[in-house]
Amino acid sequence: MPDKDFFEERRRRQQDLIAVKKARQNIEALPPEENKEIVPVTVADKAKNFWFYNKFFVIFGTMLAIVLAIVIRQCATREKYDAQVLLFAYSAFTNEQLSTLEYQLEQYYEDLDGNGETNIQIIDCSYAKSDQYNPYQNTVSTKLTANIASNSEALLYIVDEESAKYLEGLFEGGFFAEQMLESGATKTVPVPKSFYKAVEKRTNGMFTLPENLQIGRRLAGEVTIIGKDKNVKTKIKAADKALAKISATK
């Protein structure tokens, strides 16, 4: 006669068989897994993904390209000047006064770059003196020093009596080159009255030029940075020629 363990083992096996059948029934009851259709990625989707991950690089690159295009265009279209003339007087000048001075000076200079016209640029280093602290005055003084030190394009200087004395005292041998003109030897010549009249006409009598303005050609010796410019002799010759014509003008 089977013992108790035999019946217990039989009962356990029946339970395991029932559990296996139930598990099999549950699996068969599950709906068949549908095959997911693979949707191809479109160009629009690729573009969206690219923009999402790279938009900041695209924006920065576009801005940089625009800035470079503007700079290149400005450099390509920048007006070329035959010469520069530095204006240093203890007075303030308006844009109309400066542009009129440029036009007047162009009547005495030659076309050095061969483009068919003469263009002169005024470098304004003037300021009205004040006893109070003036940051603009310090800025202009720095600009003046930089031009004196290294600008070989600006050989003619328009000055007043006080600023002329200041420049002459900067260097042991003086600042202005002595000119042998028909009227005699001189370092500076008066700015012609025609310049004053032109400014008054341009501004409808509202502005004129400060009295006793003078114009002279600065020294450009070989020991200076300016004197080492390979074209400085040509520039000196053109400046002296223009100065001689100005001195003969009333």
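Is Tyr90 buried or exposed, and what is its relative accessible area? In this predicted model, Tyr90 is buried, with a relative accessible area of 16%, a value that falls under the 20% limit used for burial.

- An open sheet is formed by 5 strands, which follow the order S2-S1-S3-S7-S6 with mixed pairing.
- The edges of this sheet are taken by strand S2 (120-124) and strand S6 (188-190), each of which has a single partner strand, so one side of each is left without a neighbour in the sheet.
- From one strand to the next, the twist averages 25°.
- Strands S1 and S3 run parallel and are joined by 5 bridges, and within this pairing Gln84 stands opposite Ala154 in S3.
- Helix H3 (residues 95-106) packs on the sheet, where it touches S1, S2, S3 and S7, and the direction of H3 makes about 140° with that of S2.
- Strands S1 and S2 also run parallel, with 5 bridges between them, and the bridge partner of Leu87 in S2 is Asp124.
- Although S2 stands at an edge of the sheet, 4 of its 5 residues are buried, so S2 is largely enclosed by the rest of the structure.

**Helix H5**

- In helix H5, which spans residues 161-168, the residues Ser163, Ala164 and Leu167 are buried.
- Viewed down the axis of H5, these buried residues fall within an arc of 105°, so they line one face of the helix.
- The cover over the buried residues of H5 includes strand S1 (83-88), helix H4 (135-150), strand S3 (154-159) and strand S7 (214-217).
- The N-terminal end of H5 is capped by Asp160, which places a side-chain oxygen 3.3 Å from the backbone nitrogen of Glu162.

**Aromatic pairs**

- Across the whole structure, a search finds 7 aromatic pairs.
- One of these is the pair of Phe88 and Tyr166, which is edge-to-face, with 6.0 Å from centre to centre and 70° between the planes.
- This pair links distant parts of the chain, since Phe88 belongs to strand S1 and Tyr166 to helix H5, 78 residues apart.
- Phe88 counts as buried at 1% relative accessibility, whereas Tyr166 is partly exposed, with a relative accessible area of 41%.
- The rings of Tyr90 and Tyr127 have centres 5.6 Å apart and planes at 75°, so this pair is edge-to-face.
- Tyr90 lies in the loop between S1 and H3, and Tyr127 in the loop between S2 and H4, so the pair ties together parts that are 37 residues apart in sequence.
- Tyr127 is buried, with a relative accessible area of 9%.
- Phe88, Tyr90, Tyr127 and Tyr166 form one aromatic cluster.

**Asp82 and its contacts**

- Asp82 has its place in the loop between helix H2 (43-77) and S1, and at 7% relative accessibility Asp82 counts as buried.
- The side chain of Asp82 has a polar atom 2.7 Å from the backbone nitrogen of Leu112, and the side chain of Asp82 also reaches the backbone nitrogen of Asn119 at 2.8 Å.
- Leaving aside residues up to four places away in sequence, Asp82 touches Glu110, Asp111, Leu112, Asp113, Glu117, Thr118 and Asn119.
- Asp82 and Ala238 are 156 residues apart in sequence, yet their C-alpha atoms are 9.7 Å apart in space.

**Thr118 and its contacts**

- Thr118, one of the residues that Asp82 touches, is found in the loop between H3 and S2.
- Thr118 is buried, with a relative accessible area of 18%.
- The side chain of Thr118 reaches the backbone nitrogen of Asp111 at 3.5 Å.
- Not counting residues up to four places away in sequence, the contacts of Thr118 are with Asp82, Glu106, Tyr109, Glu110 and Asp111.
- Glu110 and Asp111 are touched by Asp82 and by Thr118.

How values were computed:
Residues are numbered from 1 along each chain as its sequence is written. This is a predicted model: local features need pLDDT of at least 70, side-chain atom pairs count only at pLDDT 80 or more; totals for chains, interfaces and linings use all residues. Side-chain values use heavy atoms; hydrogens and water are left out. Buried means under 20% relative accessible area, exposed over 50%, partly exposed in between (1.4 Å probe, protein chains only). Helices (H or I, at least four residues) and strands (E, at least two) are DSSP runs, numbered from the N terminus. The arc is that of the directions from the helix axis to the C-beta atoms. Contact means heavy atoms within 4.5 Å. A polar contact is a pair of N or O atoms within 3.5 Å; within protein, one must be able to donate a hydrogen and the other to accept it, and residues adjacent in sequence count only if both atoms are side-chain atoms. Two strands pair if DSSP finds at least two bridges between them. Axes are lines fitted to C-alpha atoms, for helices over the stretch in contact, and angles run from 0 to 180 degrees between N-to-C directions. Rings of Phe, Tyr and Trp (its six-membered ring) pair if their centres lie within 6.5 Å; planes under 30 degrees apart count as stacked, over 60 as edge-to-face and the rest as tilted.
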